[in-house]
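The sequence and the structure come first, and the notes follow by topic.

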Amino acid sequence: MKKLCEYCKEEFVITDIELSLSKKINLEISTICSSCLLKQQLSFWLFGKFRKGKSDLSGESLITVLSDKNRYPIYTSHEWFSDKWEALDYGMNYNSNESFFSQLQKLQEQIPHPHQNGANNINCEYCDDVWNSKNCYLSRSMEECENLLYSYRNFKVKNSIDAVVCYTSDRCFSCLNCINSYKIFYSRNSKDCIDSYFLFDCRNCQDCFMCWNLRNKKYCMENIQYTKEEYFKKLKSYNLGSFNKIQKLKEYFEYILINKAVHRLNFNIKAFNSIGNNLINVNNCYNCNTVSDTEDSANCIRGTKINNSLNCGGCWYGDRNGNSIGCSNSCLIKYSSWSQSRFSEYLDLCSDCEYCFGCIGLKKKKYCILNKQYKKEDYEKLRNEIILDMKNRREYGKFLPYSMSSGGFNLSTGYLYFSNAKKEEILKLGGYWQDIDESNIEGISTNELPDFIGDVDESICSKPLICPETSWRFNISEDELTFYKQNNIPLPRKHFDVRIKDLVKYFMVLKSYTYNCCYCKKEIQAYYPKEWGYKNIACEECYQQNLN
Ligand SMILES: [Zn+2]
Ligand SMILES: [Zn+2]
């Protein structure tokens with residue numbers, strides 16, 4: 001079935017897989033393409049700037065990534081989950097003369113938001129979306145982490161800085177997608193490595209420098225074998241504590257990635273009859289990204305155990321969910337965000353609810369509409385009436401409107417995936433953009449910092465620094481300086497959020513491109529934009545045969 005996307009105006013195809021899933025879930029066929037829909041959903045997923053604020057309930061101080069120009073009150077998470085307020089108190093009568101979305105948005109703007117997402121942490125106030133972690137600072141999205149600074153999407157990572165999408169690693173710096181590694185720096189896509197710099201796609205390597213696609217090696221530089229003595233002599237000659245030197249090495253690393261390294265067409269493991277990237281242990285998944293342990297789903301990203309689901313982002317442990325973002329432990333939930341509920345539609349921030357329609361912030365409720373309690377029969381009657389009205393207004397089956405999103409699109413996860421989005425385009429769709437006021441920013445330009453880490457003293461920790469790219473202000477913390485000195489790492493010049501974005505972009509490609517395998521010349525679909533210029537991309541068979 002062919003359709004014209006209401007947003008980008010481009011033709012898109014609804015595949016048979018999507019059609020049969022829509023039927024199974026009783027989900028309306030989307031009038032916008034899956035890419036535009038994902039962008040809208042991701043505008044509900046914050047990647048905001050950390051700031052100090054106060055609870056609108058108690059005045060208690062808090063740290064949050066929610067904007068200070070919010071459309072709704074903010075409570076501390078502790079207050080939000082307490083019985084100090086009741087979401088049913090905000091209940092509204094449905095008005096058939098007004099658009100349902102505008103009524104739902106009015107309700108949303110009354111209901112408080114928790115200041116932070118996460119639980120069971122010790123000393124992680126300056127974090128968001130953090131779980132079972134300890135002593136982390138200015139980091140987001142992590143589970144069971146300890147002593148992490150300026151990091152994003154990590155699992156069981158310790159004592160590291162600028163770690164992005166890493167697992168079970170320790171003492172790493174500026175690494176992306178590295179697993180089970182210790183003391184590796186400026187590296188990507190590597191596993192089981194120790195004491196190394198600038199590694200790409202290496203396995204079980206130790207004391208290696210600027211290497212790619214290596215397996216089980218020691219004392220290599222640029223994939224050339226040296227003796228232990230030669231290696232350390234050469235390593236010493238690189239002045240790694242110098243910022244200028246590191247910049248040159250980073251440029252050379254990029255050159256190697258383009259011209260010499262072999263890239264796997266995708267990062268799928270045990271993906272049967274499936275199309276997408278970063279798929280692990282999946283079956284019959286179509287157009288999915290970063291999804292694991294899942295069957296029969298389409299157009300889903302960042303999910304685990306979400307069977308029979310269509311157009312879902314950031315959903316974990318679910319069945320038959322559709323067109324939703326951030327909904328975990330849910331079944332037959334549709335057109336919703338950040339909820340854990342069942343048999344419901346158009347929810348935001350609801351937990352343990354069943355049979356609710358258009359509700360915000362409810363906990364353990366049944367048969368509610370616009371946060372008002374009904375009897376079962378009355379609920380069903382009114383719900384059907386609203387759906388009919390919504391169909392007449394062409395609202396039903398659409399995801400929550402951009403105007404109900406978390407805030408500026410440029411401060412959302414959407415911007416990490418769709419970094420070419422323009423302010424005008426988002427405003428036109430009803431969304432928001434947060435311009436950063438740069439007029440009052442005072443501090444030291446990072447161009448004035450000493451080139452060599454050995455020349456930096458503790459006084460730097462009391463000075464505000466200005467990022468040359470964003471003009472955002474940042475500081476060097478004492479723990480951070482100690483880490484840099486111990487590991488001979490020069491001071492960073494850019495704001496930590498910019499550093500995360502610079503790394504994570506290599507992990508956020510949703511679209512595939514046609515290439516020919518560099519070994520067998522077979523045509524393949526690979527997840528590397530053409531502008532990256534990678535020369536050697538291998539099909540799965542050739543990669544396994546030549547490199548494993
Ligand atoms: Zn579109
Ligand atoms: Zn091949």
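Does C33 count as buried or exposed? C33 counts as buried, with a relative accessibility of 11%. The model is a predicted one.

- C5 sits in the loop between β1 (2-4) and β2 (11-13), while C33 sits in the loop between α1 and α2 (34-42), so the pair ties together parts that are 28 residues apart in sequence.
- C5 is buried, at 1% relative accessibility, and C33 is buried too, at 11%.

**Zinc ion (ligand 2)**

- The zinc ion (ligand 2) has C517, C520, C539 and C542 as its protein donors, each through SG, at 2.3 to 2.4 Å.
- The site of the zinc ion (ligand 2) is tetrahedral, with angles of 98 to 118° among its four donor atoms.
- The spacing of these donors along the chain is C-x2-C-x18-C-x2-C.
- C517 is buried, with a relative accessible area of 0%, and C542 counts as buried at 9% relative accessibility.

**Strand β16 and its partners**

- Strand β16 (residues 206-212) has six of its seven residues buried, so the rest of the structure largely encloses it.
- Strand β15 (residues 194-200) runs parallel to β16 and is joined to it by four bridges.
- F200 stands opposite W212 in β16.
- Strand β17 (residues 218-221) also pairs with β16 in the parallel sense, over three bridges.
- C208 stands opposite C220 in β17.

**Two residues with positive phi**

- Most residues other than glycine have a negative phi.
- N204 has a positive phi, near 50°, and is found in the loop between β15 and β16.
- N204 is partly exposed, with a relative accessible area of 42%.
- M210 has a positive phi as well, near 55°, and belongs to strand β16.
- M210 counts as buried, at 2% relative accessibility.

**A three-stranded open sheet**

- An open sheet is formed by three strands in the order β32-β33-β34, with mixed pairing.
- β32 (444-445) and β34 (473-474) are at the edges and have a single partner strand each, so one side of each is left without a neighbour in the sheet.
- β32 and strand β33 (residues 465-466) run parallel and are joined by two bridges.
- L465 in β33 is the bridge partner of I444.

**Helix α11**

- Seven of the nine residues of helix α11 (residues 496-504) are buried, so the helix is largely enclosed by the rest of the structure.
- The buried residues of α11 are F496, D497, V498, R499, I500, L503 and V504.

**Cavities**

- The model has three cavities of 30 Å³ or more.
- The largest cavity holds about 170 Å³ of space.
- It is lined by 18 residues, of which N189, F267, Y506, Y528 and W532 are the closest to its centre.
- The lining of the largest cavity consists of eleven nonpolar residues, six polar and one charged.
- The second largest cavity holds about 130 Å³ of space.
- Its lining has 16 residues, and I14, E18, S30, L310 and N311 are the closest to its centre.
- At least two residues of the lining of the second largest cavity come from each of α1 (16-25) and β24 (310-313).
- Seven nonpolar, seven polar and two charged residues make up the lining of the second largest cavity.

How values were computed. Residues numbered from 1 in each chain as written. Chains lettered and ligands numbered in written order. Predicted model: local features only at pLDDT ≥ 70, side-chain atom pairs only at ≥ 80, totals over all residues. Heavy atoms only, no water. 1 Å grid on protein atoms, 1.4 Å probe; cavity = no way out; pocket = protein on both sides within 12 Å on 5 of 7 lines; lining within 4 Å. Points joined across faces, edges and corners; volume = space filled by probe spheres on them. Nonpolar A, V, L, I, M, F, W, Y, C, P; charged D, E, K, R; others polar. Buried < 20%, exposed > 50% of the residue type's maximum accessible area, 1.4 Å probe, protein only. Pairing = 2+ DSSP bridges. Donors = N, O, S within 2.8 Å, 3.2 Å for Na, K, Ca; no water. Tetrahedral: all angles 85-135°; square planar, octahedral: opposite > 155°, others 65-115°.
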